[in-house]
Amino acid sequence: MNTTTTQPPTPGPETGTERVDLRRGSLPRHFPGVLLASCAAVVAGILLLFGTFGFLLWGLLTAAAYVVISVTASARVEGSRKAKDRLVTSLVYGCFLLAMLPLVSVLWTVLVNGLARFDGYFLTVSMNGVLPSMDAGGAYHAIVGTLMITGMATLISVPIGVMAAVYLVEYAQGRMKRIIMFFVDVMTGIPSIVAGLFVVALWMMLFGPGRTNGAAGAISLTVLMIPVVVRSSEEMLRLVPQDLREASYALGVPKWRTITKVVLPTSAAGLTTGIMLAIARVIGETAPLILTAGTSAISINWNLFDGQMMNLPVFIYSQVRMGGAINYERAWAAALTLILVVMLLFFLARMLGRLFAPKVR
Amino acid sequence: MTTTDAPEAAPPPRGKRRIGDVAFAGLAQGSGLLILLILAGVAAFLIIQAWPSLSANTANFLTTREWAPNVREDPAFGVAALAFGTVLAAAIALLMALPVAIGIALFIVFYAPRRLASLLGYLVDLLAAIPSVVYGLWGIGFLAPQLVPVFDAMTRYLGWIPLFAGPASTSGRTILTASVALAVMVLPIITAMSRDVFQQTPQGHREAALAMGATRWEMIRLAVLPFGKSGVIGGAMLGLGRALGETMAVAMILSPSLVISWNLLQSGNQTIAAHIALQYPEATGYGVSALIAAGLVLFAITLVVNMGARYVVARGNKES
């Protein structure tokens, strides 16, 4: 603990037997709200007067005026401790608003720029036979690739991840358990590009150099996805009440039947939520797919094991690398598609989690 | 962490071992071990494939800046400039993100209206859901042009600091812009970890501080921050690990060059991850192997940072 102690509130001259006015030296309750509103109004007025109105400037100046006035007022009326408290309160609110700026900005720019090309044509046509600078073509091949690659990654990671979580919760004990949990945590931190390089290295040994295909991409995503699935499944399995397991054992049900018939069904909703969040995380991964699935596929490829496979994130990246205006439009539209998919997964996962959360007392 | 304590594995029912039990237990254990195997495999395959280029390298791998491995004979390459750029970009990102993340965590736990708190926390989590390639696109399409006038002003008024010496880049595609994007990306990670520990501050400590007449800030400074220190440090290190390994935002935003420069407002520098992504499609000769060697360095750096983070967090949990 910190050894500095706070000063006791300085006793006023009227303490003791005399009556103390408890309201003395505090600003009215509505002071912050009123001050903020008047600051905003005054700043807006001044800016309009000078004809330099901008929302960011307005927000910044309002905040600055508010902080300065409220802290000085509080320091004079309430004393320096309360003033410091008000300053920190303003800063903490400011931090949160600051973090919302990029969120709103990213979503807004993607929406505005993406809508220019985002239509049925874009979603159903590939880039086959389209020169990069032509006013045609779409992302259908990339959507197909994303679905195939992410689908395969999910099919591999989910059984491994869930079974590893079952092992950690139901079987593992002592040292082995700690070691695996530690390395799962460490594995969450593997940079995605390293996962891509791992598959490049593996593929070079298995099939020789220069072989890129969808399966390689899926394996690299698996490396990134497994630890996420393990962590979330583990938490869900731990929420299953011990009573349920014991009731099952008491009926003479073997352990593996208990797990498959009692534990897993009870936590099914939570597991699904975790898996969907894991999918949402890897579906936007770009770096490993640049290395493993290739950057130059232009046509629809349904075969994971043959040839390069385009996908949405790499499509965005390669269009940006081409650099023309039309390429940027395609990139923004693809970004909008990708964000919509991710958000959909994210919201569905949250809804599922909320609706079917296991009832724990 | 919010997980409740583990129900210890129940004792197996008595009686003879059933075949189903043995098979299922084996399967579960196999999955657990497979994870260790994959992690070991990542390290092993990277080392095996990096070896040819490292042994053929005519320059010192750790101190050379040049990158010329795309030849059949006598490649010369090193990661000095790349490692410098990686650490620089991640450090600046962390410097910007850490105070804001602590502020957000405090806001959500202690300041926000109770009903809104979980919704607001969810909004911060949304920042983590946006794919990195979209951040990259936002970085070149929106952030970099917006920052150009800011950079100009910085060189004019702060140009005497070597970090901000002019002339500023006219495209805004500098290491500082990339760091801003990285900061946004690591923000939710640090916030989540800090939130977790702040929420666990013992109710007694907080109420004791308030009962002594402490203001809210004094309560946070005396009770919450000392308690949450290890969690915040752990979260910061996890964020650092993420920033070190982040590829796309840097690869798309920064206009790179293999120099070691402290100047943040001019184009230059490069990170390992972005270099790999940009060079891989054109790699020939020893190129791929050399990039794998660079990836190995990145893997080692992030592994150390992440293990350190987990160690700090675990020790903090034990103490409390």
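Modeller: Thr155(B) sits in helix α4 of chain B, which covers residues 132-158. This is a predicted model. The relative accessible area of Thr155(B) is 17%. The cut-off for buried is under 20%, so Thr155(B) counts as buried. Leave out residues up to four places away in sequence, and Thr155(B) touches Phe164(B), Ala165(B), Gly166(B), Ala168(B) and Leu265(B).

Now the chain around that residue. Chain B has 10 helices and two strands. Reading from the N terminus, the order is α-β-β-α-α-α-α-α-α-α-α-α. Along the principal axes, the C-alpha atoms of chain B fill a box of roughly 65 × 65 × 30 Å. Chain B has 320 residues, and 55% of them are buried. Take the contacts in chain B between residues at least 6 apart in sequence: 72% of these join residues at least 24 apart.

Next, a helix pair in chain B. Two packed helices are described by the angle between their axes and the distance between the axes. Helix α2 (residues 80-111) of chain B packs against helix α5 (residues 175-199) of chain B at about 40°. Their axes are 5 Å apart. Angles under 35 degrees would count as roughly parallel, and 65 to 115 as roughly perpendicular. The angle therefore makes α2(B) oblique to α5(B). The crossing of α2(B) and α5(B) is right-handed. Where α2(B) meets α5(B), the contact residues comprise 25 nonpolar, five polar and one charged.

Two loop residues of chain B deserve a check of their backbone angles. Asp74(B) is not a glycine, yet its phi is positive, at about 50°. Asp74(B) belongs to the loop between β1 (67-68) and β2 (76-77) of chain B. With a relative accessible area of 58%, Asp74(B) is exposed. Asn269(B) is another residue other than glycine with a positive phi, near 65°. The loop that holds Asn269(B) runs between α8 (248-253) and α9 (272-279) of chain B. Is Asn269(B) buried or exposed? Its relative accessibility is 0%, so Asn269(B) counts as buried.

Helix α7 of chain A spans residues 192-207, 16 residues in total. From first C-alpha to last, α7(A) reaches 22 Å, close to the 22 Å expected at 1.5 Å a residue. Of the 16 residues of α7(A), 12 are buried, so the helix is largely enclosed by the rest of the structure. The buried residues of α7(A) include Ser192(A), Ile193(A), Val194(A), Ala195(A), Gly196(A) and Leu197(A). Phe198(A), Val199(A), Val200(A), Ala201(A), Leu202(A) and Trp203(A) are buried too. Just after α7(A) comes Gly208(A), with a positive phi of about 90°.

Last, Ser90(A). Its place is in helix α3 of chain A, residues 80-114. Ser90(A) has a relative accessibility of 17%, so it counts as buried. Beyond its neighbours within four places in sequence, Ser90(A) is in contact with Tyr66(A) and Val67(A).

Technical notes
Residues numbered from 1 in each chain as written. Chains lettered and ligands numbered in written order. Predicted model: local features only at pLDDT ≥ 70, side-chain atom pairs only at ≥ 80, totals over all residues. Heavy atoms only, no water. Helix = DSSP H or I, 4+ residues; strand = E, 2+ residues; numbered from the N terminus. Buried < 20%, exposed > 50% of the residue type's maximum accessible area, 1.4 Å probe, protein only. Contact = heavy atoms within 4.5 Å. Expected span 1.5 Å × (residues − 1). Axes fitted to C-alpha atoms, helices over the stretch in contact; angles between N-to-C directions. Parallel < 35°, antiparallel > 145°, perpendicular 65-115°, else oblique. Left-handed = near helix turned anticlockwise from the far one by under 90°. Nonpolar A, V, L, I, M, F, W, Y, C, P; charged D, E, K, R; others polar.
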